[in-house]
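Colleague: I would like to learn how to read a few features of a protein model. Could we go through them one at a time?

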Amino acid sequence: MHLIDAITDAFALLLSGDAGLWQIIWVSLKTTIIALLLAAPLAVMLGYLIASHGFRGRRVVIWLVQASLSLPTVLIGLLLYLMLSRQGPLGGLQWLFSQPGIIAGQVLIALPVLLAFSLAAVQAADPRIAETAVTLGASRWRAMRTVLHEVRFGVMAALISGFGRVISEVGCAVMVGGNIAGETRTMTTAIALETSKGEFAQGIALGIVLVAIALLINAGLVLLQGDPRAARGSA
(Lines give C-alpha, C1' and ligand atoms only; values in the text may rest on other atoms or scores of the structure.)
Protein backbone atom coordinates (compact mmCIF):
# COMPACT_ATOMS: atom_id res chain seq x y z
CA MET A 1 0.00 0.00 0.00
CA HIS A 2 1.31 3.42 -0.94
CA LEU A 3 1.77 5.98 1.82
CA ILE A 4 -0.79 8.39 0.33
CA ASP A 5 -3.38 5.62 0.10
CA ALA A 6 -2.71 4.56 3.69
CA ILE A 7 -3.09 8.14 4.97
CA THR A 8 -6.32 8.59 2.98
CA ASP A 9 -7.71 5.34 4.41
CA ALA A 10 -6.66 6.43 7.90
CA PHE A 11 -8.64 9.67 7.72
CA ALA A 12 -11.60 7.78 6.25
CA LEU A 13 -11.42 5.33 9.16
CA LEU A 14 -11.40 8.17 11.70
CA LEU A 15 -14.33 9.95 10.07
CA SER A 16 -16.35 6.74 9.73
CA GLY A 17 -16.71 6.51 13.51
CA ASP A 18 -15.37 2.96 13.60
CA ALA A 19 -16.39 1.55 17.01
CA GLY A 20 -13.29 -0.59 17.44
CA LEU A 21 -10.95 2.28 16.69
CA TRP A 22 -12.61 4.71 19.07
CA GLN A 23 -12.76 2.07 21.79
CA ILE A 24 -8.97 1.76 21.57
CA ILE A 25 -8.67 5.56 21.87
CA TRP A 26 -11.03 5.55 24.87
CA VAL A 27 -9.07 2.84 26.70
CA SER A 28 -5.83 4.79 26.18
CA LEU A 29 -7.27 8.07 27.41
CA LYS A 30 -9.10 6.48 30.34
CA THR A 31 -6.12 4.57 31.72
CA THR A 32 -3.72 7.48 31.16
CA ILE A 33 -5.92 10.04 32.92
CA ILE A 34 -6.59 7.74 35.89
CA ALA A 35 -2.87 6.99 36.22
CA LEU A 36 -2.00 10.69 36.21
CA LEU A 37 -4.69 11.48 38.78
CA LEU A 38 -3.20 8.82 41.05
CA ALA A 39 0.47 9.71 40.48
CA ALA A 40 0.39 13.52 40.30
CA PRO A 41 -0.52 14.44 43.92
CA LEU A 42 2.15 12.17 45.39
CA ALA A 43 4.82 13.18 42.87
CA VAL A 44 4.22 16.94 43.22
CA MET A 45 4.22 16.78 47.01
CA LEU A 46 7.41 14.71 47.10
CA GLY A 47 9.03 17.06 44.60
CA TYR A 48 8.20 20.03 46.81
CA LEU A 49 9.45 18.34 49.98
CA ILE A 50 12.75 17.26 48.41
CA ALA A 51 13.35 20.68 46.86
CA SER A 52 12.47 22.75 49.91
CA HIS A 53 14.02 20.71 52.72
CA GLY A 54 17.63 19.98 53.45
CA PHE A 55 18.40 16.50 54.78
CA ARG A 56 21.21 14.01 54.78
CA GLY A 57 21.44 12.17 51.48
CA ARG A 58 19.39 14.77 49.61
CA ARG A 59 21.80 14.91 46.68
CA VAL A 60 21.67 11.14 46.35
CA VAL A 61 17.88 11.24 46.32
CA ILE A 62 17.88 13.90 43.59
CA TRP A 63 20.38 11.83 41.60
CA LEU A 64 18.14 8.75 41.89
CA VAL A 65 15.07 10.75 40.84
CA GLN A 66 16.85 12.04 37.75
CA ALA A 67 18.32 8.62 36.96
CA SER A 68 14.86 7.03 37.14
CA LEU A 69 13.89 9.02 34.04
CA SER A 70 16.12 6.70 32.03
CA LEU A 71 14.48 3.48 33.20
CA PRO A 72 13.18 1.52 30.17
CA THR A 73 9.43 1.10 30.36
CA VAL A 74 9.77 -2.52 29.28
CA LEU A 75 11.85 -3.15 32.42
CA ILE A 76 9.10 -1.61 34.55
CA GLY A 77 6.66 -3.88 32.72
CA LEU A 78 8.80 -6.95 33.41
CA LEU A 79 9.10 -6.20 37.13
CA LEU A 80 5.38 -5.46 37.41
CA TYR A 81 4.55 -8.62 35.48
CA LEU A 82 6.55 -10.68 37.98
CA MET A 83 4.81 -8.92 40.86
CA LEU A 84 1.31 -9.47 39.44
CA SER A 85 1.76 -13.01 38.13
CA ARG A 86 0.14 -15.89 40.01
CA GLN A 87 3.40 -16.70 41.77
CA GLY A 88 4.11 -13.03 42.51
CA PRO A 89 3.43 -11.24 45.80
CA LEU A 90 0.56 -9.27 44.24
CA GLY A 91 -0.93 -12.13 42.24
CA GLY A 92 -4.01 -12.17 44.44
CA LEU A 93 -5.09 -8.82 43.01
CA GLN A 94 -5.63 -10.48 39.60
CA TRP A 95 -4.56 -7.30 37.82
CA LEU A 96 -2.45 -8.99 35.17
CA PHE A 97 -3.90 -8.49 31.66
CA SER A 98 -6.46 -6.01 32.94
CA GLN A 99 -6.95 -2.25 32.94
CA PRO A 100 -5.97 -1.93 36.64
CA GLY A 101 -2.67 -3.61 35.75
CA ILE A 102 -2.06 -1.15 32.92
CA ILE A 103 -2.91 1.76 35.21
CA ALA A 104 -0.47 0.46 37.84
CA GLY A 105 2.27 0.32 35.22
CA GLN A 106 1.44 3.79 33.97
CA VAL A 107 1.58 5.17 37.51
CA LEU A 108 5.10 3.76 37.90
CA ILE A 109 6.10 5.24 34.54
CA ALA A 110 4.59 8.66 35.27
CA LEU A 111 5.99 9.07 38.79
CA PRO A 112 9.65 9.71 37.84
CA VAL A 113 8.68 12.27 35.19
CA LEU A 114 6.24 14.13 37.44
CA LEU A 115 8.62 14.02 40.39
CA ALA A 116 11.70 15.19 38.46
CA PHE A 117 9.90 18.07 36.72
CA SER A 118 8.11 19.19 39.91
CA LEU A 119 11.39 19.06 41.81
CA ALA A 120 13.10 21.20 39.16
CA ALA A 121 10.23 23.70 39.15
CA VAL A 122 10.30 24.18 42.93
CA GLN A 123 14.11 24.41 42.96
CA ALA A 124 13.90 27.24 40.43
CA ALA A 125 11.43 29.20 42.55
CA ASP A 126 12.55 32.13 44.68
CA PRO A 127 13.10 30.73 48.21
CA ARG A 128 11.82 34.01 49.65
CA ILE A 129 8.29 33.07 48.60
CA ALA A 130 7.99 30.32 51.21
CA GLU A 131 9.93 32.32 53.78
CA THR A 132 7.61 35.31 53.36
CA ALA A 133 4.53 33.14 53.60
CA VAL A 134 5.74 31.55 56.86
CA THR A 135 6.70 34.98 58.26
CA LEU A 136 3.17 36.20 57.58
CA GLY A 137 1.77 33.33 59.63
CA ALA A 138 1.02 30.78 56.92
CA SER A 139 1.08 27.13 57.87
CA ARG A 140 3.50 24.78 56.13
CA TRP A 141 0.61 23.48 54.06
CA ARG A 142 -0.38 26.99 53.02
CA ALA A 143 3.26 27.86 52.26
CA MET A 144 3.50 24.81 50.02
CA ARG A 145 0.34 25.83 48.18
CA THR A 146 1.75 29.34 47.72
CA VAL A 147 5.01 28.04 46.23
CA LEU A 148 3.24 25.56 43.97
CA HIS A 149 0.96 28.31 42.74
CA GLU A 150 4.01 30.37 41.79
CA VAL A 151 5.50 27.45 39.86
CA ARG A 152 2.18 26.25 38.47
CA PHE A 153 3.33 26.42 34.85
CA GLY A 154 6.30 24.20 35.69
CA VAL A 155 3.92 21.74 37.36
CA MET A 156 1.65 21.89 34.31
CA ALA A 157 4.64 21.13 32.11
CA ALA A 158 5.36 18.16 34.37
CA LEU A 159 1.81 16.89 33.93
CA ILE A 160 1.99 17.27 30.16
CA SER A 161 5.34 15.48 30.01
CA GLY A 162 3.97 12.70 32.21
CA PHE A 163 0.87 12.42 30.05
CA GLY A 164 2.97 12.22 26.90
CA ARG A 165 5.28 9.56 28.33
CA VAL A 166 2.41 7.42 29.57
CA ILE A 167 0.10 7.58 26.57
CA SER A 168 2.96 6.89 24.14
CA GLU A 169 4.37 3.95 26.12
CA VAL A 170 4.15 0.48 24.59
CA GLY A 171 6.51 -1.95 26.37
CA CYS A 172 4.83 -2.04 29.77
CA ALA A 173 1.33 -1.96 28.27
CA VAL A 174 2.04 -5.07 26.19
CA MET A 175 3.65 -7.04 29.01
CA VAL A 176 1.12 -6.19 31.73
CA GLY A 177 -1.98 -5.58 29.62
CA GLY A 178 -1.59 -8.32 27.05
CA ASN A 179 -3.07 -6.22 24.20
CA ILE A 180 -6.55 -7.69 24.65
CA ALA A 181 -9.11 -6.21 22.23
CA GLY A 182 -11.76 -4.13 23.96
CA GLU A 183 -10.05 -4.34 27.34
CA THR A 184 -6.33 -3.55 27.37
CA ARG A 185 -5.54 -2.64 23.77
CA THR A 186 -4.19 0.91 23.78
CA MET A 187 -3.29 3.14 20.86
CA THR A 188 0.41 2.27 20.96
CA THR A 189 -0.09 -1.48 21.29
CA ALA A 190 -2.70 -1.38 18.52
CA ILE A 191 -0.28 0.52 16.26
CA ALA A 192 2.39 -2.13 16.84
CA LEU A 193 -0.08 -4.96 16.21
CA GLU A 194 -1.69 -3.52 13.09
CA THR A 195 1.66 -2.57 11.57
CA SER A 196 2.98 -6.11 12.10
CA LYS A 197 -0.11 -7.38 10.23
CA GLY A 198 0.39 -4.92 7.39
CA GLU A 199 -2.75 -2.94 8.30
CA PHE A 200 -1.18 0.49 8.06
CA ALA A 201 -4.40 2.52 7.85
CA GLN A 202 -5.46 1.90 11.45
CA GLY A 203 -1.93 2.42 12.72
CA ILE A 204 -1.69 5.77 10.94
CA ALA A 205 -5.16 6.75 12.17
CA LEU A 206 -4.15 6.12 15.78
CA GLY A 207 -0.86 7.94 15.19
CA ILE A 208 -2.82 10.95 13.95
CA VAL A 209 -4.90 10.89 17.13
CA LEU A 210 -1.77 10.75 19.30
CA VAL A 211 -0.25 13.73 17.50
CA ALA A 212 -3.53 15.66 17.72
CA ILE A 213 -3.77 15.04 21.47
CA ALA A 214 -0.18 16.22 21.98
CA LEU A 215 -0.79 19.39 19.96
CA LEU A 216 -4.04 20.21 21.79
CA ILE A 217 -2.56 19.72 25.27
CA ASN A 218 0.53 21.80 24.53
CA ALA A 219 -1.61 24.49 22.90
CA GLY A 220 -3.65 24.63 26.10
CA LEU A 221 -0.49 25.15 28.17
CA VAL A 222 0.68 27.94 25.85
CA LEU A 223 -2.68 29.69 26.15
CA LEU A 224 -2.64 29.42 29.94
CA GLN A 225 0.88 30.83 30.13
CA GLY A 226 -0.04 33.80 27.96
CA ASP A 227 2.56 36.18 26.51
CA PRO A 228 5.42 36.76 29.01
CA ARG A 229 6.46 39.96 27.22
CA ALA A 230 2.97 41.38 27.51
CA ALA A 231 2.89 40.47 31.21
CA ARG A 232 6.20 42.26 31.80
CA GLY A 233 4.97 45.28 29.90
CA SER A 234 1.85 45.61 32.02
CA ALA A 235 3.78 45.17 35.28
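Colleague: Where does Q94 lie?

Modeller: Helices (H or I, at least four residues) and strands (E, at least two) are DSSP runs, numbered from the N terminus. Q94 sits in the loop between helix 4 (73–84) and helix 5 (99–123). This is a predicted model, where local features need pLDDT of at least 70 and side-chain atom pairs count only at pLDDT 80 or more, while totals for chains, interfaces and linings use all residues. Residues are numbered from 1 along each chain as its sequence is written, and side-chain values use heavy atoms, with hydrogens and water left out.

Colleague: Is Q94 buried or exposed?

Modeller: Buried means under 20% relative accessible area, exposed over 50%, and partly exposed in between (1.4 Å probe, protein chains only). Q94 has a relative accessible area of 67%, so Q94 is exposed. Its phi is near 55°, a positive value in a residue other than glycine.

Colleague: What is phi of F97?

Modeller: Phi of F97 is near 60°, again positive in a residue other than glycine. F97 is also in the loop between helix 4 and helix 5, and its relative accessibility of 38% makes F97 partly exposed.

Colleague: How many aromatic pairs are there?

Modeller: Rings of Phe, Tyr and Trp (its six-membered ring) pair if their centres lie within 6.5 Å; planes under 30 degrees apart count as stacked, over 60 as edge-to-face and the rest as tilted. The count by this rule is one aromatic pair. The ring centres of Y81 and F97 are 6.3 Å apart and the planes stand at 55°, so this pair is tilted. Because Y81 belongs to helix 4 and F97 to the loop between helix 4 and helix 5, the pair ties together parts 16 residues apart in sequence. Y81 is partly exposed, at 30% relative accessible area.

Colleague: How do I read the packing of two helices?

Modeller: Two packed helices are described by the angle between their axes and the distance between the axes. Axes are lines fitted to C-alpha atoms, for helices over the stretch in contact, and angles run from 0 to 180 degrees between N-to-C directions. Helix 3 (residues 58–67) packs with helix 5 at an angle of about 130°, the axes being 9 Å apart. Helix 3 is therefore oblique to helix 5; angles under 35 degrees count as roughly parallel, over 145 as roughly antiparallel, 65 to 115 as roughly perpendicular and the rest as oblique.

Colleague: Which residues make the contact?

Modeller: Contact means heavy atoms within 4.5 Å. Helix 3 contributes R58, I62 and V65, and helix 5 contributes L115, A116, L119 and Q123.
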